[in-house]
Amino acid sequence: MGDRIADIWGSRTPFAKGDDWPVRVDQKLADDVAEADVERWVQSACTLCSNGCACDIAVKDGVMVGVRGRAIDTVNHGRMGPKGLFGSWQGVSNRDRLTKPLIRVDGELVETDWETAMERIVQRSRELLAAKGPLSHAFYTSGQLFLEEYYALGILGKAGIGTPHMDGNTRLCTATAAAAMKESFGADGQPGSYTDIDDCEAMFLYGHNMAETQTVLWARVLDRIAGPDRPVIVCVDPRETEVARVADVHLAVRPGTNQAMMNGLIRELFVNGWIDERYIADHTVGVDGLRAVVEPWTPEAVAETCGVSADDVRTAARIFGTSDRVLSTVLQGFYQSAQATAAACQVNNMHLLRGMLGKPGGGVLQMNGQPTAQNNRECGADGDLPGFRNWENAEHVAELAALWDVDESIIPHWAPPTHAMQIFRYVEQGSIQFLWVSATNPAVSMPQLERIRGILAMEGLFLVVQDLYLTETTQYADVVLPAAGWGEKTGAFTNVNRVVHLSDKAVEPPGEARSDLDIFLDYSRRMDFRTRSGTPLLDWTSAEDGFRAWQECSRGRPCDYTGISYDRLRGGSGIPWPCNDEHPDGTIRLYGDGVFPTEPDYSESYGHDLLTGASVGEQAFRALETHGRAIIKAAEYAPPHEEPDAEYPLRYTTGRTAYQFHTRTRTGRARQLNRAAPSAWVEISVTDAAALGIAEGDLVRVSSRRGELLVPARVGDVREGTVFAPFHYGYWDAAGTDGGPRPSAANELTVTEWDPVSKQPIFKNAAVRVEKVAEGTGPSPAPTTGASRPADPRGVPVTVGGPDAEVVETMGGERGAGTK
């Protein structure tokens with residue numbers, strides 16, 4: 001037994017390079033349930049981070065009563081993290097679940113029946129389509145639906161309505177991951193594999209606090225570190241995270257300077273000859289442009305711009321340049337910062353220069369932040385064309401039109417898909433008047449929240465929100481639809497390294513709640529969307545129908561699912577795509593043959609200028625003569641648009657804690673997780689706290705040009721001059737001393753700005769000032785584990801879980817048969 005709140009990553013199972021990661025099965029049941037009481041175990045996978053840990057759901061009396069990891073699965077070998085152990089089943093089992101549709105009557109949301117709610121939606125939809133056309137409609141979804149639900153949404157939006165205004169909160173999270181892989185490799189899809197951790201000699205984590213964002217994956221790293229031949233670790237992060245604490249080199253860069261640092265690391269590879277000239281010549285184009293751009297970035301120039309040691313830059317570059325097998329991972333510290341796509345592409349360039357892709361222990365993981373973000377991108381719910389097709393390629397549009405039996409002209413392809421930030425701008429301008437939000441909470445997660453609240457409250461907007469619970473966003477809705485959650489529906493989804501899992505329905509949803517798939521299919525039927533042949537556009541009757549339809553859409557594309565079926569996914573491990581006749585057991589790594597999907601007739605994108613975001617275009621892309629070679633792209637460093645000044649002298653950045661997920665819709669309802677991190681705080685360095693007269697737990701005001709926070713301070717190990725805030729906290733369960741909520745949402749302060757290529761908002765670059773408001777009544781609510789631990793632990797209670805956080809950990813055993 002172990003307290004998995006106090007010990008986030010669980011017990012160590014050390015292993016050596018090249019060995020299999022040992023099995024450890026984690027199991028958590030409700031306090032009053034013994035293992036013998038469980039009536040059945042239902043196969044699933046966790047949806048509370050992007051790792052995709054396979055698990056079985058315990059069911060008793062028609063209720064989910066716990067989970068256990070699946071030993072057989074390639075992803076987690078039986079392990080689960082705190083969010084999965086406590087938040088997965090408890091997060092959907094709260095008594096305040098939505099159980100009936102709601103409609104707005106005289107300014108108030110009141111319960112109604114499905115017929116009334118759906119007819120209200122359909123009536124307004126038809127009115128706007130008749131009066132203003134498809135550009136009046138927009139859909140904003142999630143990274144937490146199932147594959148079949150995304151694909152249904154993609155079809156009804158693109159082939160039913162014909163709107164380009166479709167995106168997901170994946171735009172806020174990891175749109176840059178997709179963009180960087182398109183720019184470098186020609187298509188989305190991770191080159192690397194989690195199993196590269198088992199074989200690598202060095203790991204570089206760029207802006208990736210893996211210890212708190214993918215806790216089970218970090219447990220795998222910790223087990224390698226505890227083994228006989230640990231990998232060398234290099235961490236790029238402005239905070240002293242758990243990754244930084246075990247790192248051999250910690251590059252604590254100033255927020256917003258990632259591109260300068262990457263240019264410097266690449267220059268060192270060139271200067272020292274740590275490149276594979278043959279691989280570069282045979283498998284890439286564009287290296288000369290990169291060589292010229294990075295030349296000024298000496299270690300000393302990097303040190304001056306980024307605030308790191310020149311010797312550390314040299315050491316990090318030497319580790320990358322001289323290790324035989326290097327695994328790189330990238331996440332929000334790059335994706336949500338200035339020059340996001342440019343910096344992420346430079347990570348790809350590092351591997352291309354060394355020819356280090358597609359081999360055990362040598363690869364790139366441009367990480368996701370959500371469990372099903374990959375499916376959103378694959379299926380076209382984010383605005384892209386399904387199956388990694390190129391909206392600028394007329395043949396790709398024709399393929400979809402033939403597949404769906406619709407006219408090509410209805411599929412939006414006359415301009416780039418509308419990204420989330422632009423969708424909300426069009427609502428603000430009044431051109432979008434119908435917005436359907438599913439499984440996300442933009443009233444907390446979008447930047448510059450005062451503006452977003454004003455947009456959601458606009459008089460002319462008809463807002464539909466579909467979710468598990470009432471949220472900060474539902475309060476603006478005209479119609480609220482109660483959705484079924486994890487464990488209450490069946491569907492497939494795909495994790496970061498392309499492994500597809502099946503989640504079977506374990507229990508019935510509460511009340512009248514319906515799956516997101518059933519809701520989308522109902523809307524399509526009521527709107528009477530039809531094919532050219534006159535048949536219903538979406539004639540599916542089950543999730544498996546949707547999966548089979550998706551298989552055909554993916555056939556022959558980079559994300560080929562044709563060899564995967566529900567039957568193959570039941571009972572065993574998840575399967576990585578592409579899986580087809582050529583790769584019947586799936587594909588662990590991509591690009592081992594040095595051939596990339598950059599042929600103009602096949603590629604997902606013609607690419608962009610990394611500084612301006614301008615499209616390269618078909619003609620210029622063909623002129624590159626890629627012939628299946630990767631594209632090495634360069635970009636000059638450009639400082640963030642908002643830098644500290646006399647009025648706002650500190651840099652502001654946001655992020656995550658291990659105990660909460662997104663806006664806490666589920667994790668905030670799991671008592672073990674909520675005790676560990678119950679409310680908002682900000683982190684400030686020891687030096688800055690002393691200068692401002694701030695002590696641990698003091699109430700502080702953090703102000704930017706857009707808003708303010710009023711929260712307790714954690715004096716911690718963030719770099720001097722930087723303020724950090726977790727972004728999870730909104731207002732659904734908060735109250736101030738005057739009976740109303742204090743401003744505590746981190747995005748009150750963030751800026752409305754986005755990367756020119758990926759269009760991902762820049763959450764990690766803003767200027768703020770901090771002032772003390774009142775003496776603290778005790779330590780801040782920040783946990784003492786992970787990156788938020790206090791610089792001085794004296795007087796700060798240690799974060800523990802208590803008896804209800806005890807988890808059974810069963811060591812050893814074989815990765816044998818799974819449980820159906």
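User: What volume has the second largest cavity, and how is a cavity defined?

Analyst: On a 1 Å grid over the protein atoms alone, a cavity is a set of points where a 1.4 Å probe fits but cannot get out; lining residues have an atom within 4 Å of a point. Volume is the space filled by probe spheres set on the points, which are joined across faces, edges and corners. Here the second largest cavity has about 300 Å³. Its lining counts 24 residues, with G207, D237, G333, T654 and K764 closest to the centre. This is a predicted model: local features need pLDDT of at least 70, side-chain atom pairs pLDDT 80 or more, while totals for chains, interfaces and linings use all residues. Residues are numbered from 1 along each chain as its sequence is written, and side-chain values use heavy atoms, without hydrogens and water.

User: How many salt bridges does a search of the whole structure find?

Analyst: A salt bridge is a side-chain nitrogen of Lys or Arg within 4 Å of a carboxyl oxygen of Asp or Glu. The search finds 67. One of them joins R714 and E696, with the closest N and O atoms 3.0 Å apart.

User: Is R714 buried or exposed?

Analyst: Buried means under 20% relative accessible area, exposed over 50%, partly exposed in between (1.4 Å probe, protein chains only). R714 is at 0%, so it counts as buried. E696 is at 22%, so it is partly exposed.

User: Which residue forms a salt bridge with D698?

Analyst: K772, with the closest N and O atoms 3.3 Å apart. K772 is partly exposed at 31%, whereas D698 is buried at 2%.

Technical notes: 1 Å grid on protein atoms, 1.4 Å probe; cavity = no way out; pocket = protein on both sides within 12 Å on 5 of 7 lines; lining within 4 Å.
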